[in-house]
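Hello,

Here is the structure for you to look through. My notes come after it.

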Number of protein chains: 2
Amino acid sequence: MTYAKKEVFTTDLQEIAAFAKVLAHPARLAILDYIAGQNQCISGDITSEIPLSRTTVSQHLQELKNAGLIHGTVSGTRVFYCLETEKIQALKTRMHDFMEKLAESQTQCTI
Amino acid sequence: MTYAKKEVFTTDLQEIAAFAKVLAHPARLAILDYIAGQNQCISGDITSEIPLSRTTVSQHLQELKNAGLIHGTVSGTRVFYCLETEKIQALKTRMHDFMEKLAESQTQCTI
DNA sequence: AATAAATGTCGTATGTTTGCGACATAAAAC
DNA sequence: GTTTTATGTCGCAAACATACGACATTTATT
């Protein structure tokens, strides 16, 4: 009874799925959105923007960082976060291509 | 101590997150891929294609159905599944737009 | 040096997802 | 009408995700 059987699928699908998972929580989307909204890198007062505890926001930030979607620069006691736009762009394209391939398939339900 | 605080976020973000969650498992991506690969609607021999138990595949199919990404037509003892291409197209665009907005933000890390 | 501010990590509780065997149902084949 | 085939649902166990308070650390202020 082995759980987490993800490894039986192609790495391509695993990677896309892993990326989708990062986007699968509104808090993380809100964080990305907020960072993008500031025209400068803004520190962890993301925390005051997001209606969750500091701990929880910090965790979500770590996940985004692990996924390579953001990165933080320490400056004194503060940390300045910003988007990794190349990575985001790359994943956007990958996601889009996957969906496109699906949408283009003429899967006609003749029944 | 209320868990599942998703409802504090905008419905827009909640919806995008919910969609991402459906794509967040390689088995579901593999199922979508497989259906798209057949040029006709193919019944649940998706099951023999996916290296998971029939039960588990059935569950993933239900999730995809609930999300409106596929739909099944009963014919005798068999069920023919096919993609809801309009829905897929719509979500593809929505996802893409969100990512685009992020990627375009000139979040310059000056530090 | 002592205190305050900003942030991160640990442990833990709760909730959700994944996976499967066993059972249920319903149409088809015999 | 009984058996076979295809599929779905139930209940459970393991794993994973989410959320937070308490503690730790590190730099700034006094």
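First, the ground rules. This is a predicted model, so local features need pLDDT of at least 70 and side-chain atom pairs count only at pLDDT 80 or more, while totals for chains, interfaces and linings use all residues. Residues are numbered from 1 along each chain as its sequence is written, chains are lettered from A and ligands numbered from 1 in the order written, and side-chain values use heavy atoms, without hydrogens and water.

**The two chains**

Chain B superposes on chain A by a rotation of 180° with 0.0 Å of shift along its axis, at RMSD 0.0 Å. In chain B, the C-alpha of B:Ala20 is nearest the axis, at 2.6 Å.

Both copies use the same surface: 100% of the contact residues of chain B recur in chain A. Contact here means heavy atoms within 4.5 Å. Chain B puts in 55 residues, and chain A puts in 55 residues. About 4800 Å² is buried between them, 76% of it from carbon and sulfur atoms. That area is the accessible area (1.4 Å probe) lost on putting the two parts together, summed over both.

Four salt bridges cross the interface. The term means a side-chain nitrogen of Lys or Arg within 4 Å of a carboxyl oxygen of Asp or Glu. B:Lys101 and A:Asp33 form a salt bridge, 3.3 Å from N to O. On the side of chain B that touches chain A, H5(B) gives the most, with 13 residues. Helices there are DSSP runs of H or I, at least four residues, and strands are runs of E, at least two, numbered from the N terminus.

**DNA strand C**

Which residues come nearest to DNA strand C? Of the 24 around it, they are A:Arg54, A:Tyr81, B:Ser53, B:Thr55 and B:Thr56. Near means a heavy atom within 4 Å.

The distance is 3.4 Å for A:Arg78 and 3.2 Å for B:His25. For a polar side-chain atom of B:His60 the distance is 3.1 Å. H4(B) gives the most to this surface, with five residues.

Best wishes

Terms used:
Polar contact = N/O pair within 3.5 Å; in protein donor to acceptor, adjacent residues only side chain to side chain. Least-squares fit on C-alpha atoms with pLDDT ≥ 70 in both.
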